[in-house]
Amino acid sequence: MFVDHLERHPEGKLLDVGPACGENIRFFASRVGKLYVFDLFHRLCQERNRGRSASHIWPDLDYPVGSFEAIQLWDLGDHLEDQELARLVELCILMVKPKGMLMLIAMGEGSDTTLSHSYVIREGFRLQVRSQPDLDLPLHHRHNRDLIATLSPFKLVKSFIYRSGFREFLFQHP
Amino acid sequence: MLKKRKEMENGNSVGSGPSFTEKSFVPGSNPGSSDEKTIIGEQISIEGSILGKENLLIEGSMKGKIELEEHQVIVGSKGQVEAEIHAKDVTISGRMTGNIQALGKVEITRAAEFNGEVRASRISVEDGAYIKAVIELERREEKKKAPSAGKPDLQVASSGSSQEPIALSGGTDKGK
């Protein structure tokens, strides 16, 4: 559904917040007019290592209002404090065009690793999880109701849970 | 001014020092009419334009414009570049801010920090690289075709098995 949305806007713009993943960059860059990659995982790691919060990142997320057909957040929310995630959602609702999509993944309850992951898009839209050993970030597990409440400026249009526990949510700008 | 010519017998890369040209650039590759490359060494800073017809490796710092349309530009791991690059192929392993236009491939390696725009036919990005970029690839119809299956799926790393996703809901939270 997310890819369908992108392919309906072949000249559109997608924001991918990382971690930078070559396979996904090629996948998305061949489907949209312009792919914006801003590795917020890497930036978050830098700020955490300096003992600073994510609030120092937001000024760099300086894209104009209504820039994107879609935003791909992957599991960034799992590595943010509640107020940081809320701020990110505020920025996303501004950056996404009306009817634009936002994709979010959340790890399962059993996940205890603090390592970040890439979700590499493989044949048949399969996602392969690949650890990013350089990106060690705190993990904040959230229940579906909490996530959906935080993302409430968006409308939830689809959600999946995988047997491995990962959850995938697709939201739409109202 | 930019380089003194020198033939390298062993093909090893060079660390600091003045810029120069070496032979046998990359084994097995022949990116242009010449196998030679110019190296801007670690201790060299350049501001201005570079135009030419051979490959270029930057380990120093460079600010300006680089036009080597039929050749390769490499920003080495020690390189710091703030420039507009027009080249056939571009490899970034150091720090680069600016725009890249490549007729061929752009490679961003794990050590790279890249901030800018890329327009290229192909791109590769290694895990670990930091990028804040706008990427435009030359569109090819076959690349736009959807992969064979239609449903999303998730594979746990290295398990080799895939698992069908279960819909949590069609719009409401019935999961947890």
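Strand 4 (residues 96–106) of chain A and strand 8 of chain A run antiparallel and are joined by 6 bridges; strands pair if DSSP finds at least two bridges between them. The model is predicted, so local features need pLDDT of at least 70 and side-chain atom pairs count only at pLDDT 80 or more, while totals for chains, interfaces and linings use all residues. Residues are numbered from 1 along each chain as its sequence is written, and chains are lettered from A and ligands numbered from 1 in the order in which they are written.

Strand 8 (residues 167–172) of chain A is largely enclosed by the rest of the structure, because 5 of its 6 residues are buried. A residue is buried if 20 or more other C-beta atoms, placed from the backbone, lie within 10 Å of its own, exposed if 12 or fewer, and partly exposed in between.

Chain A has 5 helices and 8 strands, in the order α-β-α-β-α-β-α-β-β-β-α-β-β along the sequence. Helices (H or I, at least four residues) and strands (E, at least two) are DSSP runs numbered from the N terminus. In helix 2 (residues 22–29) of chain A, the buried residues are A:Asn24, A:Ile25, A:Phe27, A:Phe28 and A:Ala29. Their cover includes strand 1 (13–16), strand 2 (34–38) and strand 5 (115–121) of chain A, together with strand 11 (122–125) and strand 12 (130–137) of chain B.

Of the 174 residues of chain A, 48% count as buried. The C-alpha trace of chain A spans about 40 × 35 × 30 Å along its principal axes. Among contacts in chain A (C-beta atoms, placed from the backbone, within 7 Å) between residues at least 6 apart in sequence, 60% join residues at least 24 apart.

The mean pLDDT (the predictor's confidence in each residue, from 0 to 100) of chain A is 91, and 97% of its residues reach 70 or more. Confidence in chain A is lowest in strand 5, at a mean of 84, and highest in strand 2, at 97.

Terms used:
Two residues are in contact if their C-beta atoms, placed from the backbone, lie within 7 Å.
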